[in-house]
Amino acid sequence: MRRRSRCARPFDVMLALLAVAGTARADSATTDPHAVQPERPTIATHAHTVAPGWVEIECGMECDLHGDDPAGLVAPLQTKIGLRSHVQLSLNTPWQRPEEGPGSGSGLSDVSAAVKWRLLDEVPVLGDFAIQPAWKLPSGSAARGTGTGTMDGTLLLISSNVIGPVSLDINGGYTRRSGDGENAPRDATLWTVSSGFPLRGPLSAALEVYGLPGTSGPRGERPIVALLVGPTLTPRSWLELDVGTIVPLTGPQPHALYCGFVWNLGRL
């Protein structure tokens, strides 16, 4: 998920994440390869990967609310492919309808690709540690508000720990964009802290606090801190459903509602 119209925000980067859908996310190499490895509904991700040769999709919808103004919609779609143990390729092809404005429209937003590589397992403090470089292309339209018109490079640092039945994921990242800053800030950072914990049976809860430090330039924004919370349901090991809300704590972050699912399709 993202704020302000997901795609006009930094390809997202930096701090802590409270989300796993339930008990601990275990290493896909030692668990059922058909079990989902959810990275949504939170902004942050965990250090684990889809099993080699397996495919998983994540799809959802977020509605940003602005009082009586028309709501903006974002529909992220992520396809995750396990390349090898500890390495995963993610392809993101989001759709977006920004809030109404001069020249606004709807359509495919900026597409991106990321490679998650887990470098460490169960080390002190960091727990499971991964890095995730990503690249975004200007496939959306800056004129219609469905893209930034820039090429972005992002590096995300990921730490995942398990404390009893609770998972804790902390992310920090940095994004550098092309262009002169007229469409989007050239530099952006993000932090998230996310946790997931079981409630009853297949029902769990996701909780996240995330922040987008302030940016500079013509499209600079004030710092944002927000809270994401909602239940997740895992009716089958290969399927997870989520729904919830995003509440601004500070800065120009709109209230939002979200829903979605994660589906492990199986082996290629």
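What follows is a walk through a predicted model, from its overall make-up to individual residues and pairs.

The protein has 16 strands and zero helices. The exposed surface comes to about 11,300 Å², and carbon and sulfur atoms supply 65% of it. Among contacts between residues at least 6 apart in sequence, 58% join residues at least 24 apart.

Strand β10, residues 152–163, contains Ser159. This serine counts as buried because its relative accessibility is 11%, and the limit for buried is under 20%. Its side chain reaches the backbone oxygen of Leu126 at 2.6 Å. Leaving aside residues up to four places away in sequence, Ser159 touches Val125, Leu126 and Asp128, and also Leu168, Asp169 and Ile170.

Leu119 has a relative accessibility of 39% and so counts as partly exposed.

The next topic is charge. Side chains of opposite charge can pair when their charged atoms come close. A search of the whole structure finds ten salt bridges. One of them joins the side chains of Arg118 and Asp121, with an N to O distance of 2.6 Å. Arg118 is buried, at 2% relative accessibility, while Asp121 is partly exposed, at 35%.

A salt bridge also forms between the side chains of Asp152 and Lys136, at 3.5 Å from N to O. Asp152 belongs to strand β10 and Lys136 to strand β9, residues 127–136, so this pair ties together parts that are 16 residues apart in sequence. Asp152 counts as buried, with 4% relative accessibility. Lys136 is buried as well, with a relative accessible area of 5%.

The side chains of Asp187 and Arg176 meet in a further salt bridge, 2.9 Å from N to O. This pair links distant parts of the chain, with Asp187 in strand β12 (residues 187–200) and Arg176 in strand β11 (residues 166–177), eleven residues apart. Asp187 is partly exposed at 34% relative accessibility, and Arg176 is partly exposed with a relative accessible area of 37%. Elsewhere, salt bridges link Glu39, Glu56, Glu58, Lys80 and Lys116 in a network.

A disulfide requires the two sulfur atoms to be within 2.5 Å, and the count of disulfides comes to zero. Cys59 is accordingly in no disulfide. Cys59 is partly exposed, with 24% relative accessibility, and Cys259 is partly exposed, with 38%.

The last stop is a loop. Glu221 lies between β13 (203–212) and β14 (224–236). At 30% relative accessibility, Glu221 counts as partly exposed. Glu221 and Pro185 are 36 residues apart in sequence, and their C-alpha atoms are 8.6 Å apart in space.

Key:
Residues are numbered from 1 along each chain as its sequence is written. This is a predicted model: local features need pLDDT of at least 70, side-chain atom pairs count only at pLDDT 80 or more; totals for chains, interfaces and linings use all residues. Side-chain values use heavy atoms; hydrogens and water are left out. Helices (H or I, at least four residues) and strands (E, at least two) are DSSP runs, numbered from the N terminus. Buried means under 20% relative accessible area, exposed over 50%, partly exposed in between (1.4 Å probe, protein chains only). A polar contact is a pair of N or O atoms within 3.5 Å; within protein, one must be able to donate a hydrogen and the other to accept it, and residues adjacent in sequence count only if both atoms are side-chain atoms. Contact means heavy atoms within 4.5 Å. Accessible areas come from the Shrake-Rupley method with a 1.4 Å probe; for residues, only the protein chains shown count as cover. A salt bridge is a side-chain nitrogen of Lys or Arg within 4 Å of a carboxyl oxygen of Asp or Glu.
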